[in-house]
Amino acid sequence: ILTGISGGATMYSALEIAKTAPENSIILAMLPDTGERYLSTPLYSDIPPDMSEAELEIAMSTPSFQLIPGKPPVLDVSTK
């Protein structure tokens, strides 16, 4: 998760709320940060912008949650 201090605080708060939330609750924590300032540092300069075949395989291995380039996102939070 590429986010700053405020995003970390938001995520922590959501996890704390989850501890006392009723079972099967859905908790939304928005982390409004694009992360481009983190990816544009020299630390990430040797990482290609597109996913490799191995990364795509990993991304497709979770049928209920997928972010595949060129396809609509999949988010299935139903309890089956």
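Predicted model: local features only at pLDDT ≥ 70, side-chain atom pairs only at ≥ 80, totals over all residues.
**Notes on the salt bridge, the patch and the pockets**

1. K19 counts as exposed, with 62% relative accessibility (exposed is over 50% relative accessible area, buried under 20%, partly exposed in between, with a 1.4 Å probe and protein chains only). Residues are numbered from 1 along each chain as its sequence is written, and side-chain values use heavy atoms, with hydrogens and water left out.

2. How many salt bridges does a search of the whole structure find? One, and K19 forms it with E16, the closest N and O atoms being 2.8 Å apart (the criterion is a side-chain nitrogen of Lys or Arg within 4 Å of a carboxyl oxygen of Asp or Glu). K19 and E16 sit about one helical turn from each other because they are three residues apart in helix α1, residues 5-20 (helices are DSSP runs of H or I with at least four residues, strands runs of E with at least two, numbered from the N terminus).

3. On the surface, I26, F65, L67, L75 and V77 make up a nonpolar patch with about 560 Å² of accessible area together (Shrake-Rupley, 1.4 Å probe, only the protein chains shown counting as cover for residues; members have over 30% relative accessible area and no salt bridge, and nonpolar side chains, meaning Val, Leu, Ile, Met, Phe, Trp or Tyr, are joined within 5 Å, like charges within 9 Å).

4. I26 is in the loop between α1 and α2 (36-39), and at 68% relative accessibility I26 is exposed. V77 belongs to the segment after β2 (74-75) and is exposed too, at 54%. From I26 to P73, 47 residues apart along the chain, the C-alpha separation is 18 Å.

5. The largest pocket holds about 290 Å³ of space, and L2, P49, M51 and L67 line it. That lining is four nonpolar residues, with no polar and no charged ones.

6. The second largest pocket comes to about 240 Å³. Its lining has 11 nonpolar residues and again no polar or charged ones, including I26, L75 and V77. Helix α1 gives the largest share, four residues.

Terms used: 1 Å grid on protein atoms, 1.4 Å probe; cavity = no way out; pocket = protein on both sides within 12 Å on 5 of 7 lines; lining within 4 Å. Points joined across faces, edges and corners; volume = space filled by probe spheres on them. Nonpolar A, V, L, I, M, F, W, Y, C, P; charged D, E, K, R; others polar.
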